[in-house]
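Hi,

Here is the structure I promised to pass on to you. Have a look at it first, and then read my notes below.

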Amino acid sequence: MALILSAAGAAAAAPPALYTAAQSASGATVFAQNCAMCHGADLKGGAGPSLVGQSFASAANKYTIGAIFSEIAEQMPAGQPGSLTHDQYTAALAYILSKNGYPAGSTALDYNASLGSSVPLVSQVK
Amino acid sequence: MTKKSNFTRHLLATAGWGVCAGLLAMSLPQSAQAGQDAYTPVTASMLNGAQSNDGWLMFNRDYSGRNYAPFTQITPQNVSKLSVAWTSGKIDIPDGFEDTPIVNGDYMFVTTPKDHVIAYNAVTGAKLWEYDYQVPAAAYKTVCCDTNNRGVALSGNLAIFGTLDNHVVALNAQTGAVVWNVSIEDPGIGYSISEAPLVVNGKVIIGSGGGEYGARGFIQALDAQTGAKLWKTYTTAAPNQPGGDTWPAGAYKTGGGAPWMTGTYDPDTNTLFWGAGNPGPWLATMRPGKNLYTDSLLAIDPDTGALKWYYQYTANDTWDYDGVNTPMLTNLTYKGKDYKAIVEANRNGYFYAIDRTTGKLIYAKVFVHDTSIKGIVNGQAVGNDAVRPALDKTIFTCPSFLGGKNWWPAAVDPATNMAYVPTLHACMSMTGVPVSYAAGLPFLGETFKMEPDPASPGVLGSFQAIDLSTGKQVWQKKTAAPWDGGALATAGGVVFSGTPNGHLLAFDGKTGKTLWKSPDLGSGIIAAPISYEVNGKQYVAVWSGWGGVWPIWSGKLGAPLAKAPRGGQLYVFQVNQ
């Protein structure tokens, strides 16, 4: 396990598994109902910014999971910030990660841990 | 191969659009130029006389802002014979098409979402050129209400437009080549531009958006020939300005007041009229005072940008009742007295008539179910304190934050003496929540939900005619769907407006009788129709292309239209005799 983690940390090409497949599947519904009207059903943006690819999170942006998740959990949806449940917010993040090339794994995203996470968020989608 | 936008890919894929796709502002192929008249440069006197011009020279047709065309070929008797003269073909951008086409001679200039500009032959639909503006990703962070662009302004040989990243760009009207490109604010910090500019006496006048981000609103004047910045007038008063004492210390800096809709102009008094939007943050308890000049009509000297007078529609607004709906210049008689007036159907649910020479109220009459405003006292709307949200206090009131009427242009017909007003029937709940300002983030301080109006069950929209001499409703068409498109009045007696279901409707302006309903135009209509004549023949044009503010902000009320088809298409109609 330690070996895998250090390898992932060293090689930017292998993003960590941060969420479960069940979370991202549930997140697809959360996204469609609460986010897609501004960010687009394909996450490519509209009235809100793109949430996929290099126009969202390039290496140069130096985004972290914590910074992005804080924005989502505390500012979104724009009309009803903070109105979703913790599980819905983590599911939405899982879905966004899945669309940006982050793999599903066996450990679920945790709401509080994600708010403070310093794990880099760099889209794998070119 | 470089990545191409959806727009460009669409152009490449569309047959019959000529060969000039994929590059910016290509010169015309010889075949497209054949049959195109020499371009007539747009002079100040042409703009002053726009009302009688055969084209449609500016956003609201002429400086009066009435959206009234003097053409008489299309009448209640023959409007049922309208048929499609030409269309743009489907433009595969899934955002709202809010553009008003601009016509000069046989040249038509349109804009699409994401700030693309296209020129067509107004008779045949042949595409003359396209300009594919590149909006940087940062700009999309701070657009509130879709990626819309409402159109160009004309001056000399230029077609001039604003962008979501706060540039003003002038193109050669005959070729689409960039003549000048000026940044008036940075993208991503709150500002955006969606309105069409207005050209007055050689100046380009344009206002900022950004009221949901605490961006301090401003109106900017540029030299039309060079783009040089001439004056800039902020819409919130600083401490050293008149009205500066209507804000808590420093609050004017993040106080909004975005003048995000094109204004009008009175040549007789050399006065610009521009509306200012909602104060920021939405939660009024954070900014006690009248918050001048938010939610106000501003009368401005176009030579200097100096404020001549103001009329505030909603003081210390907490319901997002922007004062930006078009101030339409018209003469009217009220209680036996003649006035040079401005009429405006306000977000706060009142239809206003204001003396445009003095800024004094003539009348204000409620035109939609209204619990936020208790009435008019001493010439001013009086807000209902019982329905003002506060921290942890939830209220329910009407109209909703989208207003009794949103941005869609209304129209005035001087012959029927009526205004034609697209109307929303909805209410809302609001709760105050803590907020602190951060550049580029929403600055609201309220959560909010659209709710049905208990006074009009099953009705979200209507199109109504208001008698200018009384402020009272003459006729009204109610619909289950919101009324979400602009109005056009014509001297032939026919009034046009489109529906979210994608139909352009024609009404008898006097009676409201529905005279004609277009076929399904493929997507909902949120834009305003126009009418123009070329070679003695009258046309009516309108964009379909659903999107804009309703799908984003309507919440559960938007469910019936959540899967409405998207994509834009310009339709031009004619009467076949």
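Predicted model: local features only at pLDDT ≥ 70, side-chain atom pairs only at ≥ 80, totals over all residues.

**Two crossing helices in chain A**

In chain A, the axes of helix 2 (residues 21-34) and helix 5 (residues 86-99) come within 7 Å and cross at roughly 100 degrees. An angle from 65 to 115 degrees counts as roughly perpendicular, and helix 2 of chain A and helix 5 of chain A are therefore roughly perpendicular to each other. On the helix 2 side of chain A, the contact is made by Gln23(A), Ser24(A), Ser26(A), Gly27(A), Ala28(A), Val30(A) and Phe31(A). Helix 5 of chain A contributes Gln88(A), Thr90(A), Ala91(A), Ala92(A), Ala94(A), Tyr95(A) and Ser98(A). Sorted by class, the residues of this contact are seven nonpolar, seven polar and no charged.

**Chain A as a whole**

Chain A has six helices and two strands, running α-β-α-α-α-α-β-α from the N terminus. Of its 126 residues, 37% are buried. If you take the contacts in chain A between residues at least 6 apart in sequence, 71% of them join residues at least 24 apart.

**The core**

The largest nonpolar core has 207 residues. Those with the most contacts inside this core are Ala92(A), Val152(B), Ala159(B), Val204(B), Val343(B), Ala419(B) and Tyr420(B).

Neighbours within four places in sequence aside, Val343(B) is in contact with Met328(B), Thr330(B), Phe351(B), Tyr352(B), Ala353(B), Val412(B), Ala419(B) and Leu468(B).

**Where the chains meet**

The contact between the chains takes 15 residues from chain A and 16 residues from chain B. The chain A side that touches chain B has six nonpolar, nine polar and no charged residues.

**A sheet in chain B**

In chain B, four strands form an open sheet in the order 2-38-37-36, with antiparallel pairing. Strand 2 (82-87) and strand 36 (530-534) of chain B stand at the edges with a single partner strand each, so one side of each is left without a neighbour in the sheet. On average, neighbouring strands of this sheet are turned by 35 degrees against each other, direction ignored. Strand 36 of chain B pairs with strand 37 (residues 537-544) of chain B in the antiparallel sense over five bridges. Glu533(B) stands opposite Gln538(B) in strand 37 of chain B.

Best wishes

Technical notes:
Residues numbered from 1 in each chain as written. Chains lettered and ligands numbered in written order. Axes fitted to C-alpha atoms, helices over the stretch in contact; angles between N-to-C directions. Parallel < 35°, antiparallel > 145°, perpendicular 65-115°, else oblique. Contact = placed C-beta atoms within 7 Å. Nonpolar A, V, L, I, M, F, W, Y, C, P; charged D, E, K, R; others polar. Pairing = 2+ DSSP bridges. Core = buried A, V, L, I, M, F, W, Y, C linked by C-beta atoms within 7 Å. Buried ≥ 20, exposed ≤ 12 C-beta atoms within 10 Å, placed from the backbone.
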